[in-house]
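Notebook open, new model on the screen. I'll jot down what I look up as I go.

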Amino acid sequence: MTTWTDHTADRPISLTAPSGIDRAAHHRFDEAWLAAAWSHPSTRCFVVSGGQVLIDETPDGRTVLVTTPTFEAPPTEAHRYFLGTDKDGVSYFALQKDSLPGRMDQSARPAGLREAGLLLSPRDAGLMVHAVALENWQRLHRFCSRCGKRTVIAAAGHIRRCPACGAEHYPRTDPAVIMAVTDEEDRILLGRQVHWPEGRFSTLAGFVEPGESVEQAVRREVHEEVGVTIGQVEYVASQPWPFPSSLMLGFMARATSTGITVDGDEIHEARWFSREELRAAFDSGEVLPPYGISIAARLIEIWYGKPLPTRTTV
Ligand SMILES: [Zn+2]
């Protein structure tokens, strides 16, 4: 039995920390409550468009999600998503629009989750990831999967209803597994996907299939992609990853074989790295540091035992 000691536990996984927002799902069906909340002077809203929001820097150097009182909200027929309330009773809404509003001041700028998720507080990142996930789902589910007719938004953004057949469709989340595979020598297995640039290596990952447990998915994906067999599988943490609708379930997994045979379809190249080899590969530029926002970076760090260099640009 391996015990993983996380020497980097003070570094939270992006988008995973508690946001402090109560989603208050019971209000989603209460039109009178929603109308009152929307017009309340303390309520805050922000626009989400194409996965982006406006962010800004405060004078003390923090990055914040730009929100406005609803009376300053852009006039819109936009979809309005109720995201919840905070401990002070402030309600939060996101407005889905075809474009972001003009810059509110000189420093506000548009940003997507890969960038903003690293910079924002857990509260702001939580609001943003909720809004982006709803936007993605709304955009891709405009028609009824039962009868094919156009659906309409309901439950403050959390349901799409079919007027033709009465079906209700709920936001979809696709579970995916992502795993740091280690061997008996405590080396880590990293792979490069076929469409990734030279030098970009990361943990293996894949979608959970119908009728499959997540542990089965870990073992199947690793074996399919690189031909390595897996014994012990240990859950670590999860991360919402709405690109467009995934939930990444992170694992540490122990290999029971080490011979690598890449499938060539998803994985182009895979290698075992000791800590020293990975450090040297980062230093020489042979391997690019992982994206700081990704749970993959944290899984590798947990194995590595101390913070790794990370990058934020794609
Ligand atoms: Zn229908």
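I began with the UniProt record, where an unreviewed entry lists residues 171-301 as "domain: Nudix hydrolase". Positions there are in the numbering used here, feature names are shortened, and annotations may be inferred rather than shown by experiment. I note that this is a predicted model: local features need pLDDT of at least 70, side-chain atom pairs count only at pLDDT 80 or more, and totals for chains, interfaces and linings use all residues. Residues are numbered from 1 along each chain as its sequence is written.

Over residues 171-301 I get 23% helix and 37% strand, with the end C-alpha atoms 32 Å apart. Helices (H or I, at least four residues) and strands (E, at least two) are DSSP runs, numbered from the N terminus.

Next, the domains, whose bounds come from an automatic or database domain assignment. The protein chain splits into domain 1 (25-140) and domain 2 (174-304), and their centres, taken over C-alpha atoms, are 33 Å apart. How many residues of each are in contact? I find nine from domain 1 and seven from domain 2, counting C-beta atoms, placed from the backbone, that lie within 7 Å. On the domain 1 side, helix H2 (113-119) and helix H3 (122-140) are the elements giving two or more residues, and H3 gives the most, with six.

Then I looked up the largest nonpolar core, which has 38 residues; Met179, Ala180, Val181 and Ala253 touch the most other members. Helix H6 (295-304) is among the elements that each supply at least two residues, and H6 has the largest share, seven. A core here is a set of buried Ala, Val, Leu, Ile, Met, Phe, Trp, Tyr and Cys residues joined through C-beta atoms within 7 Å. Buried means 20 or more other C-beta atoms within 10 Å of a residue's own, exposed 12 or fewer, and partly exposed in between, with C-beta atoms placed from the backbone. I checked alanine 180: leaving aside neighbours within four places in sequence, its contacts include Ile188, Met252, Leu299 and Trp303.

Last, strand E6 (residues 91-96): six of its six residues are buried. Ser91, Phe93 and Leu95 point one way, and Tyr92, Ala94 and Gln96 the other. What pairs with E6? Strand E1 (residues 44-48) does, parallel over five bridges, with arginine 44 opposite tyrosine 92. Strand E5 (residues 79-85) pairs antiparallel over six bridges, with tyrosine 81 opposite alanine 94. Pairing needs at least two DSSP bridges between the strands. E5 and E6 make a hairpin with five residues between them, and glycine 89 in the turn has a positive phi of about 85°.

Methods: Two residues are in contact if their C-beta atoms, placed from the backbone, lie within 7 Å.
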